[in-house]
Amino acid sequence: MEEHDEAEAGTVYLVGAGPGDPGLMTRRALELVRAADSILYDRLIPAGALGGARDDADLRYVGKRPGASSIGQEEIGALLVELARAGRSVVRLKGGDPFVFGRGGEEAQALVAAGIPFEVVPGVTAGVAAPAYAGVPVTHRDDASAVAFVTGHEDPAKPESTLDWGALAAFPGTLVLFMGVGRLAEIAERLVAGGRSPREPVAVVERGTLPGQRTVSGALADIGERVEEAGIRPPAITVVGAVAELRGELAWFERRPLFGLTVAVTRARAQASGLSARLGALGAEVVEAPAIRIVARPRDRGEVAAAVGRVEDYSLVCVTSPNGAELLLDALAGADRDARALAGATVAAIGPGTARALAARGIRADVVPERSIAEALVEALADVAVEGRRVLVARAAEARDVLPDALQERGAVVDVVALYDTVPEPLGAPALDGLARADYVTFTASSTVDSLLDALAAAGASFPPRARLVSIGPVTSDTARDRGLEVAVEAERHDLDGLVEALVADVRGVALPARGGAS
Ligand code: SAH
């Protein structure tokens, strides 16, 4: 590294990244990750936490490595000082809160000793969040007026243990134990020996706030055994106290309809987020496995430019996908035009999703069939006069000709304009792993069926045999069957909401292998 003896030292930010759910990172944490020159991070940070980092940021993993020697606490302190002295803005990113069993205190002391400016950004600690996601409030007006955060890391049998288990047993409130799930039986015994009731409720939450969260409930007398039976592994939080029982009433997260299920989304990355967010909000672990990419056609040349040039001539404009809506308005904007250019035309959207995309750009579609398929749009257009009129069909390059053919038959002069192409994209390792684990694979178009199967074949993989295939509608289903797949679920309404609804109905109706979190 370059030496900047004269440079002013950079600031070190000791940042909490929360317990694992990416939505629990603070705004300040996201902001600092975006701006950082260097980021030193641990193992238990949320997936995607570094996604916003600058491309040229220096990212270093300084957490534990199973089976390998990990970088020591002193070295981490020294590295923080060295990077800051070189004038860099340094984020030290830790799971949960940096000052709750995160050794953030020690790192701050090292910074003070070296005269380096620092800031602390508190995070949502797993000690509160994991219980909350398991339906356990750590305090409660009736049941717990105090809460203690305790490390279970120390061997309770060690004479030099700094923890007084007798005093903790007498503590008048909830005990939240970090680490040490392997020692739970021993710890429970100590607490009973110290006077807690063997019937005292306990809940152990593994991978709290994450899609794979599991909770085991019991009492001090049997929790060690139950946790061992369930094969609970770190990271896990243990809650001891009457509040642990409230989970019977309050376990909201584990009761979401898709909790414990892995669902693959095969749409292009740029389009996946809406569907992914809906599925995630219902509790699914979402795997994005795009095998397709959308490439806009140049809008300053060719048929797109020609259509925009004579846009006033169209008495009917049909838009057949949300992408088409966006790209059509982009093309107008590129020609210094806006929604008013369509003022004289009847605007038809193929379905509610496309209508929403148009509405977002200031256009209320006049014709919107409920079922998003070309046949339904043809039917919905029955009353619209088209004979002898110019009609624009704005769509993808690879699309069926049902709509233009029907309009032509009725005497319309139809311009079909391809606004974009869908091109294949290879599947990465995370997508392949995710697909292999998927309980459901969703398809929102025929093109995604073909591209996914081709990409799987190219990677030497096959469609996961255990996964149930969810199709948005009959056209997509036919493509899937043509390619030898069995369609388990077909949406009744052919849009994203319809697809999600059909998937949830299937989960309710099908006995799936044991899902986590049930005890
Ligand atoms: N600073 C962190 C704690 C770090 S110590 C915080 O404030 O949350 C590591 C311990 O935290 C783990 O052994 C486990 O007990 C707990 N932990 C961290 N993330 C967890 C999670 N998602 N679910 C359950 N426990 C978690």
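Guide: Let us begin with glutamate 106, which counts as partly exposed because its relative accessibility is 36%. Please bear in mind throughout that this is a predicted model.

Visitor: With which residue does the side chain of glutamate 106 meet in a salt bridge?

Guide: A salt bridge requires a side-chain nitrogen of Lys or Arg within 4 Å of a carboxyl oxygen of Asp or Glu. Here the partner of glutamate 106 is arginine 103, with an N to O distance of 2.8 Å. Arginine 103 has a relative accessibility of 45% and therefore counts as partly exposed.

Visitor: Is arginine 196 buried or exposed?

Guide: The cut-off for buried is under 20% relative accessible area. Arginine 196 has 7%, so this residue is buried. Its side chain meets that of glutamate 200 in a salt bridge of 2.6 Å, N to O. Glutamate 200, at 15% relative accessibility, counts as buried too.

Visitor: How far apart are the closest N and O atoms of arginine 493 and glutamate 501?

Guide: They lie 3.5 Å apart, and the two residues form a salt bridge. Arginine 493 counts as partly exposed because its relative accessibility is 28%; glutamate 501, at 49%, also counts as partly exposed.

Visitor: How many salt bridges does the structure hold, and which residues are linked in a network of them?

Guide: The structure holds 34 salt bridges. Asp42, Arg92, Lys94 and Glu107 are linked in a network. As for the charges of the chain, the mean positions of the 53 positive and 72 negative ones are 1 Å apart.

Visitor: Which residues make a nonpolar surface patch?

Guide: A patch is built from residues with over 30% relative accessible area and no salt bridge. Phe101, Val128, Val147, Phe149 and Met179 make such a nonpolar patch, of about 370 Å². Valine 147 belongs to strand β6, which covers residues 147-151. With a relative accessibility of 33%, valine 147 counts as partly exposed.

Visitor: What does the chain as a whole present?

Guide: Its secondary structure comprises 18 helices and 20 strands. Of the 519 residues, 48% are buried. The chain exposes about 24200 Å², and carbon and sulfur atoms supply 50% of that area. The C-alpha atoms fill a box of roughly 95 × 65 × 50 Å along the principal axes.

Visitor: What share of contacts between residues at least 6 apart in sequence join residues at least 24 apart?

Guide: Among those contacts, the share is 67%.

Note on methods: Residues are numbered from 1 along each chain as its sequence is written. This is a predicted model: local features need pLDDT of at least 70, side-chain atom pairs count only at pLDDT 80 or more; totals for chains, interfaces and linings use all residues. Side-chain values use heavy atoms; hydrogens and water are left out. Helices (H or I, at least four residues) and strands (E, at least two) are DSSP runs, numbered from the N terminus. Buried means under 20% relative accessible area, exposed over 50%, partly exposed in between (1.4 Å probe, protein chains only). Contact means heavy atoms within 4.5 Å. Accessible areas come from the Shrake-Rupley method with a 1.4 Å probe; for residues, only the protein chains shown count as cover. Lys and Arg count as positive and Asp and Glu as negative; His and the chain ends are not counted. The place of a charge is taken as NZ of Lys, CZ of Arg, CG of Asp or CD of Glu. Patches are made of residues with over 30% relative accessible area and no salt bridge: like charges are joined within 9 Å, nonpolar side chains (Val, Leu, Ile, Met, Phe, Trp, Tyr) within 5 Å.
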